[in-house]
Amino acid sequence: MYRNEKGVGQAVRASGLGRSEVYLTSKLNNGFHLPDDARTAFDDTLDALGTDYVDLFLIHWPLPTLYGGDFVSTWHTLEEFYRDGRARSIGLSNFQAAQVQRVVQESDVVPAVNQIEVHPYLCNEDVRAANAEYGIVMQAWSPLAKGRVLNDPTIGAIASRIRRTPAQVVLRWHIQRGDVIFPKSTTLARMKENFEIFNFELEDEDMAAINALDRGEAGRTGPNPDVFAYVSR
Ligand SMILES: NC(=O)c1ccc[n+]([C@@H]2O[C@H](COP(=O)([O-])OP(=O)(O)OC[C@H]3O[C@@H](n4cnc5c(N)ncnc54)[C@H](OP(=O)(O)O)[C@@H]3O)[C@@H](O)[C@H]2O)c1
């Protein structure tokens, strides 16, 4: 969907790093859920990246209102890529709790990951519980709520007291909850800042204060997965 696979492949080659030193994730675009389309799309992903395997391949959105709601057949097609070794691991993105349960119950391979929107304004606890039940790693997208949580007074107060930045406080909160995070920044200094979160710990009261910022659905910055049906090919 992001049309960045070719550029990422070029960047990996230009970096001089060996393929095994880089962890590559890509996703199945929404227009390709039918099994034959998914097979072609996955071949195209590997071609565009210029590699013979990805480390992780995800179904980007469940699209329950499209394809007869049959995301399980799409998952079974990803299982083929896992079995033939071209996807070292496979997972979901934006799957709700009941959809995670259905995939697990109707398949052989348990998803490695479910990548969903999570930040202090949308804690997404029901999906967290479903992921945890099956040992599925929770990856938090938009972990800073696209920057919207950074001016929150509760987060600001904790940050000033412990002499960290608001972004570091939020990212540390994620880490202590056990989530995998991938904050985005186009600024080198912020990228460095966002890595400096492994030399301090938030106290229980601060964790609880940030948990209490959860606004449920009102806190979402992106689409609701139950109704999202955008397709581009
Ligand atoms: N699976 C999905 O459906 C899905 C959906 C949405 C997003 N994602 C992925 O999630 C990743 C991150 O999400 P996102 O980019 O939407 O949101 P995000 O990481 O929560 O926030 C990015 C914003 O925060 C700013 N920022 C980052 N670090 C900062 C810092 N230390 N101090 C102040 N501001 C800071 C960035 O500005 P600057 O760039 O100017 O520094 C940018 O405006 C992306 O890779 C995206 O592709 C996945």
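Here is a short walk through this structure, from its nonpolar cores to its ligand and a few individual residues. The model is predicted, so local features need pLDDT of at least 70 and side-chain atom pairs count only at pLDDT 80 or more, while totals for chains, interfaces and linings use all residues. Residues are numbered from 1 along each chain as its sequence is written, and side-chain values use heavy atoms, with hydrogens and water left out.

Let's start inside the protein. A nonpolar core here is a set of buried Ala, Val, Leu, Ile, Met, Phe, Trp, Tyr and Cys residues joined through side-chain atoms within 4.5 Å. Buried means under 20% relative accessible area, exposed means over 50%, and partly exposed is in between (1.4 Å probe, protein chains only). The largest core has 29 residues, and Phe57, Trp75 and Leu78 have the most contacts inside it. Two or more residues each come from helix 2 (35-49), strand 2 (56-59), helix 3 (71-83), strand 3 (90-93) and helix 4 (97-105); helices (H or I, at least four residues) and strands (E, at least two) are DSSP runs, numbered from the N terminus. Apart from this core lies another, of 25 residues, among them Ala140, Ala145, Val169 and Met207.

Beyond four places in sequence, its contacts include Ile59, Ile90, Leu92, Val103 and Pro111, where contact means heavy atoms within 4.5 Å.

Now turn to the ligand. It is surrounded by 25 residues, the closest being Gln115, Ser142, Leu144, Ser185 and Arg190; a residue is near a molecule if one of its heavy atoms lies within 4 Å of it. Helix 8 (residues 188-195) gives the largest share of this shell, three residues. A polar side-chain atom of Ser142 is 2.7 Å from a ligand oxygen, and one of Thr187 is 3.0 Å from a ligand oxygen. Leu144 takes part through its backbone, with a polar atom 2.8 Å from an oxygen of the ligand.

His119 sits in the loop between strand 4 (113-117) and helix 5 (125-133). This histidine counts as buried because its relative accessibility is 0%. Leaving aside neighbours within four places in sequence, His119 touches Ser142, Pro143, Ala145, Trp173, His174, Gly219 and Thr221.

Our last stop is Arg172, in helix 7 (residues 166-177). With a relative accessible area of 10%, Arg172 is buried. Beyond its neighbours within four places in sequence, Arg172 is in contact with Ile197, Phe198, Phe200, Glu201 and Leu202. Polar atoms of the Arg172 side chain lie 2.8 Å from the backbone oxygen of Ile197 and 3.1 Å from the backbone oxygen of Phe200.

Conventions: A polar contact is a pair of N or O atoms within 3.5 Å; within protein, one must be able to donate a hydrogen and the other to accept it, and residues adjacent in sequence count only if both atoms are side-chain atoms.
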